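Thanks, everyone; I would like to take a few minutes to walk through one model, starting with some individual side-chain pairs and then turning to the place where the chains meet. Please keep the viewer open while I talk.

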Amino acid sequence: MSQTWSAGQLPTIKAWQAGARGEIVNLILQTILKRLALGVVTLFFVSLVIFSAIQFLPGDFGEAVLGQAATEETVAAFRRELGLDQPAWQRYLDWVGAVATGDFGTSFSGRASSGVDRSRPVMEMIAPRLENTLFLASITAMVAVPLALFLGITAALWRNSIYDRVVNAMTLTSISFPEFFVAYILILFSALWWGLPTLANITDGMPFWEKVHKSLLPSLTLTLVIVAHMMRMTRAAIINLLASPYIEMARLKGQSRIRVILRHALPNAWAPIATVIAFNLAYLVVGVVVVEVVFVYPGVGQLMVDAVASRDIPVVQGCALIFAATYILLNLTADIIGIVTNPRLLHPK
Amino acid sequence: MSEDSKQNEGKAGDILLEMRDIRIEGWSDEKWNPIIKGVDLTLRRGEVLGLIGESGAGKSTLGLAGMGFTQPGCRITSGSIMFDGIDLVKATDSEKRALWGSRVAYVAQSAAASFNPAHRLIDQTVEATVAHGLQGEAAAKDDARELYSALTLPFPETIGERYPHQVSGGQLQRVMTAMAMSPRPDLIVFDEPTTALDVTTQVEVLLSMRKIVEEFNTAAIYITHDLAVVAQMADTIKVLRYGKEVEESETRQMLTAPKEDYTKSLWSVRALHKEAQPSDDIVLSIDGVDAAYGRGLKVLHDVNIKVPRGRTVSIVGESGSGKSTTARVITGLLPPMTGQVMFNGEALPAELSGRSKEQLQKIQMIYQMADTAMNPRQTVGEIIGRPLEFYHGLKGAAKEQRVLELLDMIELDETFYDRLPSEMSGGQKQRICIARALAAEPEVIICDEVTSALDQIVQEGILKLLMKLQEKHGITYLFITHDIATVEAISDEIVVMYMGEVVEQGPKDEIMSAPYPDYTKLLLSSVPEMDPDWLTKLAESRDDTA
């Protein structure tokens with residue numbers, strides 16, 4: 001009948017088991033490659049948007065750099081030197097073509113009417129800043145993600161209890177204040193009682209633990225900002241599954257509450273949780289300029305804001321592209337986690 | 001099982017589970033409503049008790065209470081549940097958890113939903129046994145493979161390595177039985193375990209479940225709404241209605257001499273019978289239709305069906321046989337790849353959009369889920385009034401008058417005019433859907449599993465109404481169903497479908513009597529009968545021929 005298997009299927013079952021692992025790896029690789037290719041296409045469109053947006057910035061770049069006193073000839077010469085006299089599409093193609101070979105161009109700043117060229121390649125400016133930003137993001141994520149998962153799981157475990165309410169109220173409170181406010185409150189506490197450094201002006205040569213020590217307050221601020229979102233999604237994704245018949249079945253097998261959640265609910269909840277975590281990690285890289293400013297942290301956010309102010313187009317474009325790539329990569333990771341944790345996708349019929 | 005296991009210590013015949021005057025309430029509409037209103041239940045070791053009743057009778061609630069489990073939003077208000085000396089009403093959570101999955105086990109209705117999609121079948125099968133420390137993991141897995149084999153699962157050695165979505169519904173249901181049996185419990189609660197299965201699959205699952213329950217002399221509570229099914233499984237049957245016991249007696253006695261009229265109504269559809277009348281006046285014919293969804297696999301292969309005027313043609317088959325796809329082709333929702341649909345001698349345009357208003361009007365459809373087939377925010381007057389306005393241009397008082405006439409035809413009074421779907425029962429909603437189809441004044445009505453979601457007694461009412469309307473107005477029905485009892489009750493002609501092909505078409509009496517093509521025979525012989533020995537006889541006759 002419909003579920004009796006023909007003899008011809010027997011070898012396929014064996015083959016299926018033997019080849020399963022290889023096939024799975026293949027499947028994941030294929031997906032990653034497909035998504036990466038899509039990511040490149042997305043980046044291409046993002047580059048268009050970035051470039052066009054910058055065209056709409058008011059003011060003349062030459063004038064902005066050289067100052068009001070510059071003569072028309074100097075400005076014209078300067079524009080010619082930077083290639084700003086070329087039509088927009090030409091400049092765009094030049095830029096994209098260079099980026100494709102890894103060359104993000106040279107910063108506008110450092111060039112002066114004096115004639116001495118002290119300008120630096122964009123990558124040279126961004127790289128150390130990006131390193132700092134990733135450092136701060138990493139130490140924050142290492143605390144915030146496990147903390148959020150722990151709070152989310154325990155809040156789901158004891159849902160509607162006092163604990164659940166307190167956790168919800170506290171995380172909501174911390175997310176409701178603007179981050180600079182949280183930052184200043186922490187600085188106040190620190191100055192009064194904790195004795196933590198309130199300036200996170202880390203430098204290149206600093207030993208690792210000193211960097212960590214200096215970054216504690218900005219990291220704590222960011223943790224407070226991102227935990228709520230991740231924790232609430234973890235809690236909601238788990239609770240959403242608790243009404244499933246297979247959860248009832250697990251309970252009727254006599255499994256403890258914590259085991260029901262960890263073994264039966266959580267494995268099916270990873271996809272939405274991973275998406276939210278990816279979103280928040282992306283924020284840690286691209287959205288922390290305010291916190292950087294408050295703590296004088298030399299991150300890439302500050303660099304970009306400064307570059308916008310000084311009309312340093314190559315730097316702005318480079319930062320924007322890196323931010324876009326961060327989003328794309330993190331979302332790709334979340335998608336892969338969604339696939340790896342979904343047996344329907346991982347083990348097709 | 002280990003030697004010092006506490007199971008099967010007691011002698012067969014000892015009382016295992018005893019409920020006294022149990023009362024359970026559920027929280028809905030902002031108040032506690034009684035679900036179980038004082039029921040007694042006694043189950044001895046090795047005994048199988050059937051709990052039967054219609055939806056809302058409280059059978060599942062009572063069955064789960066036998067394990068000391070109440071669903072969220074329910075509470076036991078009074079009474080006692082003694083399981084082998086333990087009072088489950090007073091027991092703490094951890095005391096009950098020690099029982100669940102070790103001494104009592106549960107087999108749920110929807111196997112697909114009750115298995116965790118994230119884990120392999122065998123890991124889920126042995127989970128409780130290992131977690132309760134009854135057996136080591138390796139030993140439990142060996143035992144599970146033996147259980148798979150005893151339950152006649154294909155590839156018992158390897159099927160456990162699969163994930164739930166990789167095996168069929170009937171197989172999953174058997175794996176779930178193995179899962180329940182793994183700790184060798186004293187009691188298993190089967191909650192409608194075969195309701196979601198096709199009849200031919202149901203037979204195999206019933207057989208393997210009965211075999212294993214007998215083999216280990218496990219006591220069981222078997223919950224179902226199908227008396228014929230429970231008769232195969234249970235020693236004793238208890239009939240429930242509105243949370244109260246109607247009667248309880250030994251299975252044979254229940255079938256031969258039910259004390260209460262209500263018990264008899266549980267097989268009311270089986271009592272319906274219509275004399276088939278042949279006719280050669282073909283109103284609708286499906287000629288050589290092949291169809292596929294999208295660019296996918298073909299689901300219909302050269303389907304030919306002739307529907308005589310004023311008669312009922314039933315299309316029977318299991319899920320996936322192409323019954324509903326055929327209906328979609330006729331209505332124009334799914335244009336066929338080849339072949340055509342002839343109506344009154346003219347070919348109907350394949351696409352819905354190519355059909356004239358008149359062609360649309362002449363073929364109407366009624367669906368299985370009356371709930372989802374009606375706009376929940378429209379009143380009955382609006383729902384029935386819409387086709388009147390669309391097809392016949394009726395407005396105002398004339399329209400209202402006609403709606404009331406239609407309500408009268410479906411045996412509902414005018415107070416229904418202003419009701420919303422949410423204010424009606426399942427049977428009433430299905431009647432409104434019938435009235436909506438009638439409003440168009442069609443020649444042919446396609447009924448797609450219209451009684452499948454309804455209780456027996458309500459089904460009977462709907463089927464009687466449909467037949468009455470046919471007599472009065474000469475409507476032709478194309479009746480799609482998987483339920484042979486319904487087919488028997490109403491058809492003139494029967495079409496048997498299997499895997500997208502028509503196996504057989506002919507007058508009812510011809511199809512329902514020998515000689516049968518193989519598939520028809522299998523299908524008909526798989527329909528449970530009101531005979532406690534039916535399953536045994538069937539197994540024997542199939543063994544003989546095999």
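Predicted model: local features only at pLDDT ≥ 70, side-chain atom pairs only at ≥ 80, totals over all residues.

Let me begin with B:E245, which forms a salt bridge with B:K238, the closest N and O atoms being 2.6 Å apart, where a salt bridge is a side-chain nitrogen of Lys or Arg within 4 Å of a carboxyl oxygen of Asp or Glu. Residues are numbered from 1 along each chain as its sequence is written, chains are lettered from A and ligands numbered from 1 in the order in which they are written, and side-chain values use heavy atoms, with hydrogens and water left out.

Is B:E245 buried or exposed, or something in between? At 35% relative accessibility B:E245 counts as partly exposed, while B:K238 is buried, with a relative accessible area of 0%; buried means under 20% relative accessible area, exposed over 50%, and partly exposed in between, using a 1.4 Å probe and protein chains only.

A second pair is B:E441 and B:R402, whose side chains meet in a salt bridge at 3.6 Å, N to O. B:E441 lies in the loop between α16 (426-439) and β17 (444-448) of chain B and B:R402 in helix α15 (residues 396-409) of chain B, so the pair ties together parts that are 39 residues apart in sequence; helices (H or I, at least four residues) and strands (E, at least two) are DSSP runs, numbered from the N terminus. Here B:E441 is partly exposed at 40%, and B:R402 is buried at 18%.

Now to the interface. Chain A and chain B bury about 3600 Å² between them, 59% of it on carbon and sulfur atoms, buried area being the accessible area (1.4 Å probe) that two parts lose on being put together, summed over both. The contact, meaning heavy atoms within 4.5 Å, takes 28 residues from chain A and 44 residues from chain B.

How many salt bridges does the rule find across this interface? It finds three, and A:R263 forms one with B:E127, with the closest N and O atoms 3.4 Å apart. A:R263 and B:E127 also belong to a network of salt bridges that links them with A:K253 and A:R259.
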